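Welcome! Open your viewer, find the selection tool, and follow along stop by stop.

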Amino acid sequence: MIADPQAVAIDGDIARRIAAWIADYAPLSGVPDELIGPDGRPRAHWAQLLNTLAGLGQDGVEGRFAAAARRINDMGVTHRVHGEAQERPWPLSRLPLLLTENEWREIATGVAQRAELLDRVLRDVYGPASLVVDGALPAAAVAGSPEFIRPMCGVEPAGGRWLRFFAADLGRGPDGKWWVLGDRAQAPSGAGYAVENRLVLARAFPSLYREMNVRRLAGFFRDFRAGLVAAAKRSDPRICLMTPGPWSETYSEHVYLARYLGFLLLEGEDLVTGDGRLHARTVAGPKRIDVVWRRVDSDWLDPLEANAASRLGAPGFYDAIRRGTVTLANMPGAGFVESRALMSFLPALSRRLLGEDLRLPNVATWWCGQEAERAEILASFDHRAIAGAFGDRPEGLEDGGPAIGAQLDDMRRTRLIRAIKTRGMDYVGQELVQLSTTPAWRDGALTPRPFTLRVFAAATAEGWTIMPGGFCRVANHLDARAISMGAGAQSADVWVLGEAAEPTTTLLPNNNDVKVVRVPGNLPSRAADNLFWMGRYLERAEATLRVVRLMCNRMTESQVGSTHRQPIERCERLLVAWGATAPMPGGASGAALALAAATSAEHYGSARSIALQATRSASIVRERLSQDMWQLLTRLDARLARASARAPLEPEILEMTERALHTLAALSGLMDENFNRVTGWVFIDLGRRVERAINTCRFVRHFAADDPTIETLDALLELIDSQISYRTRYLAGAAQAPAIDMAMLDPFNPRSVAFQSRRIDSHLAALPSLSDDGMMEPQRRLAVALRAELEAEDARRLDTARVLTIEQRLMAIAVAVAARYFSHGSDPSPADKRSRLA
Amino acid sequence: MIYNIRHVTTYTYETSVASTRCAFRLTPRDGGGQRLLAHEIEATPALHAATERLDFFGNRIIEATIREAHAKLIIAMTARVEVSREEPPAEGLTPLWESVGRDAADVRSLAADSPAHALFASRLAPIEAPVTEYARQSFAPGRPVLEGAAELMRRIRADFVYDPEATDVATPLAEAFARKSGVCQDFAHIMIAGLRGLGLPAAYVSGYIRTFPAPGEIRLDGADASHAWVAVWCGDPFGWIQMDPTNAMYADNNHIVVAVGRDYADVAPIDGVIVGAGRQTLAVAVDIKPVGAPG
């Protein structure tokens, strides 16, 4: 029996271990550190954490950290670095940032005050603009922001607020007080990652998490959701999270949040406007959307009124907002308050609009659009950070800045000064900020790293609520000014240590997305499209691998002799016809061909390419799939990719194929057993059935025609998993008509075409109908006719030509399904091609 | 001067278009030296749920949907406008250009005519160092703003070649500037970018200019064209002065203003998103006829 390491470790060991961890811990002078207090000793709350960690032993701690890393992988938490094709695993720091409840209260009050202030500023600049008229805010400090969205002027936001979800980036100043470094109001990211960070760490250190009374995050999201519901025009509103799509840097977060909160995850293509309202395109026709939590920037929301090049929005979106029929979090143009130029005015605006001083100070900022401020910055140029006033890249700051005066060479310096003199309104000067440090785990010990803390605020009917936690970014180097995740920083969970234990609340339902999946009509057309294709691709991958397996089996058994060669040759022919591989020169081994058909990346029809397509379709509907399914899909991908790297022998190919088929079988099982029998599942299964029926027709055309040998007919039976039932039914060896009957017409064989056709028909019968006149829609009519015909068919009459006709009619059903459900019937081409008029 | 204007735009699609969502900024502005006496927009196929409003800059915008499948779309705008523009002020009497930049920043207004909107880089008129340097040559320290702007306008007219083949709507400003050729839209954007680079407010004006047939020739129907020019803010009390760099002249009673904005993107006469595939071709015919004038 293995003893609990915690029980074995004695106090002396713990103290020694902690001493070793922090022996080389050297905070920077002049900036505060989270771990080491002013007395040079670890602060009390950190001491508690370190004691517990040390009690686990060095291996215990490393083991839990490793488990956390695996968990991140398993959860599929990723992010994308701009311009990269592959998503990266989420870089989570192993240690949380610790905040005492007292300190937290101060931060929370300050951020709530700031959110309220910024909402009021927005209300004014998009409304009467009295701040400008009275001279409290220069017109140019507003008009210069690309996020001052002019079509929103004079608009009354549905629900009354411009800002509903806000984040502030904080840093700890030299005096230990918190400062606001920047505001995030366009579409703040990180809240979802914060929850995921929490799930990972809480699982790695469950007891620690409880002992330290770490405040929970779920309540914040519950309040946020309630706030959105209260702000909507209808009592049971349909809420969506609008994403730019899988290529977005934080798509994984969008998926997570949509699932966590039970919101529809929609892209611009899913949205249409009509009669001044916003609708989602669903398989049951357009459904009204009441609330949009957007992660798409204002400029891309509406190609008609904003950026005409946008493919991420919906034409007419601004108009629906203008008419107040849809509630936005946040309104287009809310991003205006992110501009640095505004920061210099906030202390005065706070006194004016709220009658109080800012509780959390800004980084001191001078907007160079004013003469006195410009002179001040030019005089103290060397000791300032110079940045774009509106987050853009003006002359001299083409790299995005900020630039530090003293660090510029003569040429850049002269150029920047001249540019500030000519167009001061494009620049701000800011006080140089030195970030404080928090411990990170490196090579088995602690080391100080600079960090920033993002704190989230949500509007509710009662005012602002603040997430008790946040999104902490930890730099990878001791010297860090600008921290971005892409630049190789890590994120850390943020623990607010409560003074007392807190009752449990969670948002995590066992059955995610409850509202959506119980209302079949809510399935967006694009999601239906991708689920259908995911089903088809998975089925196709399986069929390809079955042929590969058959081929490998026959090759290992085969002796010389033409009757044994026939099934192998036909497998080869089929794989080439499917684009799984190219014809190989005469001398090449069958093994090479089988391997290519399973694993080649070059051929569009190889099992690997098809599996990749399945994953791609799945990634677009990831919020609808369970984590288990997503994991199996990635595993399938990895398995086939790994095998292609080597040149394995026949038995190894066979083993790899078997394993891949097992993974696919597990996926089928998950889909059948763990997927709600609602519209989404219907589309996956419809895709599988259509594809399986088509593939079976092809098997029959290749293996039951042109004088098949008994071995070839036997191969057909193997491909459709029917050898055993055939043998129980027929005593003699395989014969043509019975084999064809089993493959094409047998209603009891779950792999026969007739069986698929019945399933297809019943699925189509279950899907929503657009008209209520009781007439059959075209796709159903095709399916009913095919089903009836197959039921009345005789296997002896089924020659190759007739099988081909059946195959073509199945394809026609697929086309009719696409026309009816995926592109809304108006346009027979699979996707809308949008183009600009002038 | 009173004009009858007819502006017909025809889109022809290779394959039928299922639906179109569109916005028109085709109707001449009312006010600022002109009066809109009558106006109408007709489309084939018919517009569905058409609404009319003024956009941020006060331009009349009509938004509509076309629900019928169509292979051709015709939009015809007719209007009657009376133009009576004031003479521009004497250039030498306008304020020094440096003070105009400062005054613009001090205007306490976010209204559509506030110079604050015209001070910054915009989508199609980015600030480019070479363009700013080009403009700077006309703005010696202490020069009256309109004197500098008029010289810049004349230099653009002299240095740039009018060539409709050289650029299209998508040509970036820097490229048109480097080629020293283009059309009215390019010249307007270049002048705007140069002025803004110096911290002076400049806006984009779209509309029509009356053309005169060459001596001995008759006026052809549909031969007129859309035009674009610039408005420069010259401080109080002068405000916005319109200048036409393509013709090196101040806008006069031969200019008819349809829309103003920061650049072409704010005033595009027709914006739309179609649902359909295939190529499209565009034909535009414009007629500007003075009422009572022959032809």
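Before the first stop, one definition: two residues are in contact if their C-beta atoms, placed from the backbone, lie within 7 Å. Keep in mind, too, that this is a predicted model.

**Stop 1**

Select Val230(B). Which residues does Val230(B) touch, not counting residues up to four places away in sequence? Colour these: Ala188(B), Met191(B), Ile192(B), Ala202(B), Tyr204(B), Val205(B), Met243(B) and Pro245(B).

Now widen the view to the largest nonpolar core, which has 240 residues. Val230(B), together with Met191(B) and Val232(B), touches the most other members of this core. Which helix gives the core its largest share? Select residues 101-125 of chain A: this is helix α5, and 10 residues of the core come from it. As background, nonpolar side chains tend to be buried together in soluble globular proteins.

**Stop 2: the two domains of chain B**

Stay with chain B and give its two domains separate colours. Domain 1 covers 2-83 + 269-290, and domain 2 covers 91-266. Their centres, taken over C-alpha atoms, are separated by 25 Å. Where they meet, 20 residues of domain 1 of chain B are in contact with 17 residues of domain 2 of chain B.

Look at the domain 1 side of this meeting place. Select β1 (2-17), β6 (70-83) and β15 (280-290) of chain B, each of which supplies at least two residues to that side. The largest share, five residues, comes from β15(B). Colour that side of domain 1 by class and you will have 13 nonpolar, four polar and three charged residues.

**Stop 3: the domains of chain A**

Move over to chain A and set up five colours.

| Domain of chain A | Residues |
|---|---|
| Domain 1 | 5-89 |
| Domain 2 | 97-340 + 435-513 |
| Domain 3 | 364-431 |
| Domain 4 | 525-664 |
| Domain 5 | 676-838 |

Show domain 2 and domain 3 of chain A. How many Å separate their centres? Over C-alpha atoms, the separation is 29 Å. Nine residues of domain 2 of chain A are in contact with 11 residues of domain 3 of chain A. On the domain 2 side, the residues divide into four nonpolar, three polar and two charged.

**Stop 4: a three-stranded sheet**

Three of them form an open sheet in the order β8-β9-β10, with antiparallel pairing. Which strands are at the edges? Those are β8 (271-274) and β10 (285-288) of chain A, and each pairs on one side only. From one strand to the next, the twist averages 45°.

Zoom in on β8(A) and β9(A), residues 277-282. These strands pair in the antiparallel sense over four bridges. Select Thr273(A), and you will find Leu278(A) of β9(A) standing opposite.

**Stop 5: where the chains meet**

Show both chains together. Their contact takes 35 residues from chain A and 34 residues from chain B. On the chain A side, select α6 (130-133), α7 (139-143) and β23 (834-836), the elements that give two or more residues. Among the elements of chain A, α7(A) gives the most, with four residues. By class, the chain A side has 18 nonpolar, eight polar and nine charged residues.

**Stop 6: backbone details**

Finish with a closer look at the backbone. Two peptide bonds are worth a visit:

- Ala329(A) to Asn330(A) is cis, with omega near 0°. Asn330(A) lies in the loop between β12 (327-329) and α13 (340-343) of chain A.
- Asp236(B) to Pro237(B) is also cis, with omega near 0°. Look for Pro237(B) in the loop between β10 (226-233) and β11 (240-244) of chain B.

Next, select Asp706(A), in the loop between α24 (679-703) and α25 (710-719) of chain A. Asp706(A) has a positive phi of about 55°, although it is not a glycine. Is Asp706(A) buried or exposed? Asp706(A) counts as exposed because it has 11 C-beta neighbours inside 10 Å.

Ala248(B) is not a glycine either, yet its phi is positive, about 50°. With 15 C-beta neighbours inside 10 Å, Ala248(B) counts as partly exposed.

How values were computed: Residues numbered from 1 in each chain as written. Chains lettered and ligands numbered in written order. Predicted model: local features only at pLDDT ≥ 70, side-chain atom pairs only at ≥ 80, totals over all residues. Domains from an automatic or database assignment. Nonpolar A, V, L, I, M, F, W, Y, C, P; charged D, E, K, R; others polar. Core = buried A, V, L, I, M, F, W, Y, C linked by C-beta atoms within 7 Å. Buried ≥ 20, exposed ≤ 12 C-beta atoms within 10 Å, placed from the backbone. Pairing = 2+ DSSP bridges. Axes fitted to C-alpha atoms, helices over the stretch in contact; angles between N-to-C directions.
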